[in-house]
Amino acid sequence: MSIFLAILIGGTFGFVLHRVGAGNPQNLINMLRLQDLHLAKVILLAIGVSSLILFLLLATGMINESHISIKAAYSGVIVGGLIFGVGFAIAGYCPGTCLVGMGGGRKDALFFIGGGLLGAILFTLAYGWIKSIFPSLFEGIAGGKTTLADTGVDKFQGMFDSIPSLAVAAVIAIIFILGAWKLPKRIDI
Amino acid sequence: MQIKWDWLKGGAILGAAFLLAVILVKPIGVSTQFVIFDGIVWSLFSDEVITENSDAKHGYSSSNAYLNKSGGKYAKAVENPINYGFIFVIAMFAGGFLSSKLQKGKISQEDKEAPKVYRESGHGNRYLVSFIGGILVLFGARLAGGCTSGHMMSGMMQTSLSGYMFALGTFAAAIPVAIFFYKKSSKGGA
């Protein structure tokens with residue numbers, strides 16, 4: 001059953017990423033250099049809408065809480081993000097969209113995936129060493145597995161406990177949706 | 001010409017895919033699977049990298065500290081490649097393939113090798129730049145513990161602090177680098 005779901009959800013996700021143009025590095029590069037914000041609008045809307053519905057489902061108990069999975073916050077997240085950002089900007093691919101780009105027949109995606117496999121094994125081999133030299137990179141920030149809107153799941157903590165989590169989530173979702181709606185599609189400099 | 005869904009339709013359907021994932025299984029994530037693939041290849045050449053261990057939470061342990069992390073979670077996935085996360089990324093490839101076959105119009109041969117914006121920038125070998133980009137992206141993603149999918153999309157959907165931190169780091173680097181790297185310079189470029 002889980003394999004069937006992997007094919008269904010993974011296949012849908014890949015199909016949709018391709019249809020919104022995320023498998024084409026041209027669109028990602030032009031988003032990052034702030035010339036074509038189409039993909040930014042798509043992603044902001046997708047996050048805003050899904051977040052709002054997710055917290056509605058959580059508030060009404062209509063979702064299995066064990067499906068919620070919060071990643072830890074630590075300074076390595078920002079350092080890793082910076083390194084990620086440089087590669088993302090020059091290549092115009094990220095780990096998911098390169099698969100979609102390759103599925104769409106792009107040859108440069110294949111080279112990106114090759115580089116990705118090398119980068120992943122380099123990190124795998126260096127992990128023990130990095131952790132022993134820079135232990136502070138992996139120390140949790142603000143409790144680690146923390147969310148702005150409390151999910152209500154015991155093992156994760158919310159940052160604004162005194163405000164109803166649905167209200168926090170709704171405010172954030174509205175900011176994302178407004179961003180998606182109001183951002184100009186094209187910027188001509 | 002490739003047919004692209006507009007932001008409203010595309011965003012709504014992409015959001016539905018995130019929700020479908022978390023309702024049925026768990027939030028979407030991709031970059032871990034690059035490590036799993038490497039681990040699978042590695043374990044073909046070495047019997048010692050992954051071993052069964054009934055004391056570990058997931059039943060496997062590894063001589064490598066990273067694969068051994070979280071009670072052997074990655075070690076288990078390497079030993080059992082037919083698992084949700086790994087099949088998921090293969091299905092993503094298939095989804096991209098299907099979408100490209102179902103749309104009218106083909107990508108030009110030169111666009112398959114390098115997007116137009118790259119060809120205009122005069123940076124030479126696109127394959128080399130893609131390869132280097134791939135190294136940085138996956139090294140960074142594993143240090144951060146996730147990528148655009150896991151941290152940015154799934155993370156911010158759940159309002160995770162880590163998701164916003166990753167987005168901040170990524171765009172702080174990616175926007176200036178993209179603007180600088182793809183500046184239209186016909187003088188040979190960098």
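Here are some notes on a two-chain predicted model, for someone opening it for the first time.

1. Ground rules. Because this is a predicted model, local features need pLDDT of at least 70 and side-chain atom pairs count only at pLDDT 80 or more, while totals for chains, interfaces and linings use all residues. Residues are numbered from 1 along each chain as its sequence is written, with chains lettered from A and ligands numbered from 1 in the order in which they are written.

2. Chain A. You'll find seven helices and two strands here (DSSP runs numbered from the N terminus: H or I of at least four residues for helices, E of at least two for strands). Walking along the sequence gives α-α-α-α-α-α-β-β-α. The C-alpha trace spans about 50 × 45 × 45 Å along its principal axes. Of its 189 residues, 55% count as buried, meaning that 20 or more other C-beta atoms lie within 10 Å of a residue's own, with C-beta atoms placed from the backbone (12 or fewer is exposed, in between is partly exposed).

3. Chain B. This one has nine helices and two strands, in the order α-α-β-β-α-α-α-α-α-α-α. Its C-alpha atoms fill a box of roughly 60 × 40 × 35 Å along the principal axes. Buried residues make up 53% of its 190.

4. How the chains meet. In all, 103 residues of chain B are in contact with 104 residues of chain A; contact here means C-beta atoms, placed from the backbone, within 7 Å. On the chain B side, helix α7 (residues 126–144) gives the most, with 18 residues. That side has 69 nonpolar, 26 polar and eight charged residues. The classes work like this: Ala, Val, Leu, Ile, Met, Phe, Trp, Tyr, Cys and Pro are nonpolar, Asp, Glu, Lys and Arg are charged, and the others, Gly among them, are polar.

5. The largest nonpolar core has 115 residues, and A:Ala46, B:Phe18 and B:Met153 have the most contacts inside it. Such a core is a set of buried Ala, Val, Leu, Ile, Met, Phe, Trp, Tyr and Cys residues joined through C-beta atoms within 7 Å. Helix α3 (residues 38–59) of chain A supplies the largest share, 13 residues. Leaving aside residues up to four places away in sequence, A:Ala46 touches B:Gly11, B:Leu14, B:Gly15, B:Phe18 and B:Met153.

6. Helix α1 of chain A. The 18 residues of this helix (residues 2–19) should span 26 Å at 1.5 Å a residue, and the end C-alpha atoms are 25 Å apart, so the two agree. (The expected span is 1.5 Å times one less than the number of residues.) Its buried residues include A:Ile9, A:Phe13 and A:Leu17. Among the elements covering the buried residues are α5 (97–103) of chain A and, from chain B, α1 (7–24) and α4 (84–102). After the helix comes A:Gly21, with a positive phi near 95 degrees.

7. Is B:Asn64 buried or exposed? B:Asn64 counts as buried because 23 other C-beta atoms lie within 10 Å. Not counting residues up to four places away in sequence, B:Asn64 touches A:Thr124 and B:Val49. B:Gly95, 31 residues from B:Asn64 in sequence, is 33 Å from it in space, C-alpha to C-alpha.

How values were computed. Two residues are in contact if their C-beta atoms, placed from the backbone, lie within 7 Å.
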